[in-house]
Amino acid sequence: LQIVSVYHRRQDERFEDAVAQARKVLAGSVPPFPVLFDRFTSRNQELYLGPRAILPCSVLIDAGGQIVARFQGKRAALDGTLAAEVARRLAIAP
């Protein structure tokens with residue numbers, strides 16, 4: 001299992017400003033996973049988030065690089081749905 005965070009920045013947002021904003025949001029904490037940066041484009045939205053962009057969005061990608069599940073918003077992380085799906089795909093008890 002590899003967890004990464006993708007920070008989507010606006011097309012007109014400078015990379016340095018996006019990093020500064022991410023640091024502000026993280027409030028000095030260091031997440032235990034890599035944080036990647038990508039421009040928020042309609043192509044990337046469709047690729048990562050699907051036709052609707054509700055952030056945050058959790059995307060599960062299998063070992064072959066295929067998106068196998070998407071979770072829009074934070075509810076799946078809060079109610080255990082995301083953890084249960086990860087456990088199911090890893091074939092472990094939640």
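This is a predicted model: local features need pLDDT of at least 70, side-chain atom pairs count only at pLDDT 80 or more; totals for chains, interfaces and linings use all residues.
Now step back into helix 4 itself, where you'll find glutamate 85. Is glutamate 85 buried or exposed? Its relative accessibility is 16%, so glutamate 85 counts as buried. Leaving aside neighbours within four places in sequence, glutamate 85 is in contact with Leu60, Ala69 and Phe71.

Glutamate 85 also has charged partners. Its side chain meets that of arginine 88 in a salt bridge, at 2.9 Å from N to O, and the two lie three residues apart in helix 4, about one turn of the helix. Glutamate 85 forms a salt bridge with arginine 89 too, with the closest N and O atoms 2.8 Å apart.

Next, have a look at the strands. Strand 3 (residues 57-61) and strand 4 (residues 67-72) run antiparallel, joined by five bridges. Cysteine 57 stands opposite glutamine 72 in strand 4. The hairpin of these two strands has five residues between them, and there glycine 65 takes a positive phi near 85 degrees.

Back to salt bridges: the count comes to four. Arg14, Glu16 and Asp17 are linked in a network of them. Within it, arginine 14 and glutamate 16 have their closest N and O atoms 3.9 Å apart.

Note on methods: Residues are numbered from 1 along each chain as its sequence is written. Side-chain values use heavy atoms; hydrogens and water are left out. Helices (H or I, at least four residues) and strands (E, at least two) are DSSP runs, numbered from the N terminus. Buried means under 20% relative accessible area, exposed over 50%, partly exposed in between (1.4 Å probe, protein chains only). Contact means heavy atoms within 4.5 Å. Two strands pair if DSSP finds at least two bridges between them.
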